[in-house]
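Reader: I am new to protein structures. Could you show me how to read one, feature by feature?

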Amino acid sequence: MRRILVTRVAAATALLSLVVTAGPTTAAAAEVSGREAGTSVRSESATTLPAPNLAGLRDALTRTLAAGAPGAMTRIDDGRTVHRETAGVSDTSTGAGMDTNARFRIGSVTKTFSTVVLMQLVGSGAVDPDAPVDRYLPGVLPDTRITVRRLLTHTSGLWDYSNEMFARTIPGFEAVRNKVFTFRELIDLSTAHPATAVPGTTYQYSNTNFVVVGALIEKLTGRSVQEEYERRIIRPLRLRDTAYVHPETTIPGKEIRGYLTPDEAGAPLVDSTEQTVSWAQSAGAMISSPGDLDRFVSALLGGRLLRADLLDQMLQMTPSDASGTRFYGLGLRRRDLSCGISVYGHTGTVQGYYTYAFTTRDGRRSVTSVANATNNGAVNTVLGDTLESAFCGTAPKPRALTAAAPLPEEEAAGSIGR
Ligand code: REX
């Protein structure tokens, strides 16, 4: 039985009172233009955004279940009002409902956390973003044209080692679920392959880039990435559900269980909740909750984690596919929605969990959506429709999707259909 719960809660969480650094305040309506691949981006404040379309949201979540996820949920936070919508179950064995207060694996949204740490290090002069990585990690990468910035923009040309790792979904996952890798082992898996492009010329999404970022953070600070996430982001923002527990395999506290879809049609879902996520580490191993992710992306775009010039660098976007609506900056995605609004954040895919965590340019409306089944492109695509309802107030037209023939997702081209 699939139930949909709707609650509206006044946001007592004092999001706006959080000031981590003396960053800039947000303008009511800003025109961001210039260096973003020649585009001009309209960017409204939450006060001028259409109200979320809750019927459209519920419809998108219901269709996410129809596409094969046991559960799906969205949390919308505009600083005054929180909308929570859930559909389906967080645990197929107990039948417990989805829960917007529970924790899950956020996959590549971790890349945005890693970027914030690195950009704070840029801000303090500890690292030059345009210097070769080789200056800081001598002999680790094969080409001195790979700069720190080219890691963050996915233009290093470093092969994504996870392509081969998960070519066969269940065997690939089972082979690494309890493994503990060093950063160097993962980097060496990548550099055993030739470069995919000349550094600086081509956007090509690769987990390797953000594993190198993790290695850099540890080299520059002399501390673990876990300590750096905690002291620079988690504690200042009071993110109580956010953690980097690598190489622990369990999610502490209240959890959403995750399910992996086998490649063989009709095969039952595999519970993939427990794993080290060591294959991803600083590219994808964090745990969080919808409330914490809303707070994180809001604080980032609201200028409360980075100085304005550093945030501006994260916002320098290049197209990530041919759609004309999807872009990548430094560890940050931009999506242009059908109503002309641009939203900023990241997506995540780690076995069992698809995540979307996006916010407006001023950070005033933030949205996190999660589904607990992966290796199913239709689930991911339909879950993405929640952004249209949440930011544009529209109800996207239902579309017929099957796992075998999903709409194109931004990282599917040239990789392994994840
Ligand atoms: C690995 C395979 C997916 C998942 C991956 N995830 O590279 C990173 C990430 C950390 O979150 N990236 C996404 C598996 C694209 C993002 O940035 O949004 N797929 C699955 C397979 C395919 O095993 N054979 O679907 O769970």
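Author: We will go through the ligand site, a pair of helices and a loop.

Author: Before we start, this is a predicted model, in which local features need pLDDT of at least 70 and side-chain atom pairs count only at pLDDT 80 or more, while totals for chains, interfaces and linings use all residues. Residues are numbered from 1 along each chain as its sequence is written, and side-chain values use heavy atoms, with hydrogens and water left out.

Reader: How many residues surround the ligand, and which are the closest?

Author: A residue is near a molecule if one of its heavy atoms lies within 4 Å of it. Here 21 residues surround the ligand, and S108, F166, Y205, T347 and T374 are the closest. By class, the shell has five nonpolar, twelve polar and four charged residues; Ala, Val, Leu, Ile, Met, Phe, Trp, Tyr, Cys and Pro count as nonpolar, Asp, Glu, Lys and Arg as charged, and the others, Gly among them, as polar.

Reader: Which atoms of S108 and F166 are involved?

Author: A polar contact is a pair of N or O atoms within 3.5 Å; within protein, one must be able to donate a hydrogen and the other to accept it, and residues adjacent in sequence count only if both atoms are side-chain atoms. A side-chain N or O atom of S108 is 2.5 Å from a ligand oxygen, and a polar backbone atom of F166 is 2.6 Å from a ligand nitrogen.

Reader: How do I read two packed helices?

Author: Helices (H or I, at least four residues) and strands (E, at least two) are DSSP runs, numbered from the N terminus. Axes are lines fitted to C-alpha atoms, for helices over the stretch in contact, and angles run from 0 to 180 degrees between N-to-C directions. Helix 6 (residues 183–191) packs against helix 7 (residues 207–221) at about 145°, with the axes 9 Å apart. Contact means heavy atoms within 4.5 Å; F183, L186, I187 and S190 of helix 6 meet residues of helix 7 including T208, V211 and E218.

Reader: And where is D241?

Author: D241 sits in the loop between helix 8 (225–234) and strand 7 (259–260). In sequence D241 and P290 are 49 residues apart, yet their C-alpha atoms are 9.1 Å apart in space.

Reader: What joins H246 and P247?

Author: A cis peptide bond, with omega about 5°. P247 is in the loop between helix 8 and strand 7. R238 also has its place in that loop, and R238 has a positive phi of about 55° although it is not a glycine.
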